[in-house]
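Thanks for coming. I will go through one structure this morning, and the sequence and the model will be on the screen while I talk.

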Amino acid sequence: MQPTAETLAGINLFRDLDADERATVAQQCKLQQFSRNQVIVQVQDKTNDVFFIVSGLVRATLFSVTGKEVTFRDIGSGEVFGDLAAIDGMPRSSSVVALQDSLILSMSSEVFWQMIETYPSTSTAELKRLTALIRMLSERVFEFSTLGVRNRIHAELLRLAQNNYQGDNTAKISPAPKHADIASRISTHREAVTRELNHLEHSGLIKRSDGAIFIRDLAQLSNMVKEVKGT
């Protein structure tokens, strides 16, 4: 499939390019369809293409030798992955797997470098994206080092809620992530997540219904996290 300027319109890195500029970039890219559970890149691969999600959802993840999954982040439509290998030339730092059927745009590392040198808005967007990623990962390292399991669960719920704010001190996380998925993000086990979600539901802070988690008091959840973080 040959991408067009319209294909690139919903991707954050290209947001400030005009239609002609997006068309020029599109001519140097290719489109691929990945099925759910299909591996897009494998950890330690020496490939260095950059990928942009036109539609769908993917997960950056690693597995230990014992089979434990560690999830770094889920990456949705409009976002990019694979740029670290394009920038530093090192092997892939994680595997990326499609969580849904996904349409993915890709470009070579050479085209990526040419693009960010030619169009300043793309380099600005890339720097801001990398900065946000560093801040997010720094926050998670701090949480792993200082917070107990229950507190890490609260912090993860708060992160999920921030993207699903309903405007009245509530949030709806839909679809609700699997307990094992939450566990893999915060370095614990599924049973600990199940116990704490049951506790939060019993206390009235959350409600689970129709495949979603409803946060009934975002301010309270935020305060619970701030108290243990000291922020």
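Where is the place of Asn 169? Asn 169 sits in the loop between α6 (149–162) and β9. Helices and strands here are DSSP runs, H or I of at least four residues for helices and E of at least two for strands, numbered from the N terminus. The phi of Asn 169 is near 70°, which is a positive value in a residue other than glycine. With a relative accessibility of 28%, Asn 169 counts as partly exposed. On that scale, buried is under 20% relative accessible area, exposed is over 50%, and partly exposed is in between, using a 1.4 Å probe and protein chains only.

Now the ground rules. This is a predicted model, in which local features need pLDDT of at least 70 and side-chain atom pairs count only at pLDDT 80 or more, while totals for chains, interfaces and linings use all residues. Residues are numbered from 1 along each chain as its sequence is written, and side-chain values use heavy atoms, with hydrogens and water left out.

pLDDT is the predictor's confidence in each residue, from 0 to 100. For the protein chain its mean is 93, and 100% of the residues reach 70 or more. Strand β5 (residues 69–76) has the lowest confidence, a mean of 89, and strand β3 (residues 50–55) the highest, at 98.

Next, the sheets. Two strands pair if DSSP finds at least two bridges between them. Five bridges link β1 to strand β8 (residues 102–107) in the antiparallel sense, and Phe 34 stands opposite Ser 102 in β8.

Another open sheet of four strands runs β2-β7-β4-β5, and the pairing is antiparallel here too. β2 (39–41) and β5 are the edge strands, each pairing on one side only. On average, neighbouring strands of this sheet are turned by 30° against each other, direction ignored. β2 and strand β7 (residues 95–98) run antiparallel and are joined by two bridges, with Val 39 opposite Val 97 in β7. Helix α7 (residues 179–186) packs on this sheet and touches β4 (57–63) and β5, where contact means heavy atoms within 4.5 Å. The direction of α7 makes about 105° with that of β5. Axes are lines fitted to C-alpha atoms, for helices over the stretch in contact, and angles run from 0 to 180 degrees between N-to-C directions.

How do the helices α4 and α5 pack? Helix α4 (residues 109–118) meets helix α5 (residues 120–146) at an angle of about 110°, with the axes 5 Å apart. The two are therefore roughly perpendicular, a word used for 65 to 115 degrees. α4 contributes Phe 112, Met 115, Ile 116 and Thr 118 to the contact, and α5 contributes Pro 120, Thr 122, Ser 123 and Glu 126.

Two loop details remain. Ser 174 and Pro 175 are joined by a cis peptide bond, with omega about -5°, and Pro 175 is in the loop between β9 (171–173) and α7. Gln 44, in the loop between β2 and β3, has a positive phi of about 75° although it is not a glycine. Gln 44 is exposed, at a relative accessible area of 54%.

Technical notes: Parallel < 35°, antiparallel > 145°, perpendicular 65-115°, else oblique.
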